[in-house]
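Here are some brief notes on the model shown below. Please read them alongside the coordinates.

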Amino acid sequence: LIEARSCPLPATGTTAKLSLEDGVVSIRALSGAIGGGSFDLARETSLVLDGVTCVSRFDGAVELTAVTMRYPSQSFTGRVSGPLQVEGSNCGESVPKLSGDLILEQAKYRGTPGGSSASSRAAATRASVALDIGLSAPGGNIFVKNDLVNAELATKTALRLTGDDTAWGIAPGTLGLIAGKLFVQGVAFELRKADIEFVDARTLD
């Protein structure tokens, strides 16, 4: 069992092949289960150590397959697949960067309109990883359901998850309506055309 503060889900059944020589950890194989899906090492990964807790260089990549991410505080659940890369250092004030381009196979958001992103609710803790991850769902399967709207959306332009593991947001990017209904004072109105544009990573308004 592997758990990390920057990851909302633990990894289980993890297997790895690695070696340590002259302060460099070389990971030649890595796989496991996470979030109902799996992860596998995409290429050989190296960690250059500088002491016990400081990694002066991360350089690696993994492939995610059907991994479900849950953020209860954000009323968000999503299943993703695709490559992720990590690079950089955690020495001093530096944090490594997690990047890549993921496919949103399914996503559900049940938050209320005008809800803020994690940026405005950031915990007073030091970030452990920076985020720069593309998210796309051209075929739909993004569902928004709350007191005002029940709709299915698709990405018209890819979204970008930015920030870090203590304060993240989405921008830029645009979602387009596939089908949905708007509820006003108990009356349902059919939505025929709508776009949601993300322009500020500090808020989900």
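1. V184 sits in strand β12; strands are DSSP runs of E, at least two residues, numbered from the N terminus. V184 is partly exposed at 38% relative accessible area (buried is under 20%, exposed over 50%, partly exposed in between; 1.4 Å probe, protein chains only).

2. This is a predicted model: local features need pLDDT of at least 70, side-chain atom pairs count only at pLDDT 80 or more, and totals for chains, interfaces and linings use all residues. Residues are numbered from 1 along each chain as its sequence is written, and side-chain values use heavy atoms, without hydrogens or water.

3. There is one disulfide (cysteine sulfur atoms within 2.5 Å). C54 and C91 form the disulfide, with sulfurs 1.5 Å apart. C54 lies in the loop between β3 and β4, C91 in the loop between β5 and β6, 37 residues apart. The S-S torsion is about 115°, so the disulfide is right-handed. Both C54 and C91 are buried.

4. The salt bridges number five (a Lys or Arg side-chain nitrogen within 4 Å of an Asp or Glu carboxyl oxygen). Among them, E105 pairs with R79 at 3.1 Å, N to O. That pair joins strand β6 to strand β5, 26 residues apart.

5. D132 and R160 form another salt bridge, with closest N and O atoms 2.8 Å apart. D132 is in β7 and R160 in β10, so the pair ties together parts 28 residues apart in sequence. D132 is partly exposed at 25%, and R160 is partly exposed at 26%.

6. K156 meets D195 in a salt bridge at 3.2 Å, N to O. K156 is exposed at 53%, whereas D195 is partly exposed at 46%.

How values were computed:
Helix = DSSP H or I, 4+ residues; strand = E, 2+ residues; numbered from the N terminus.
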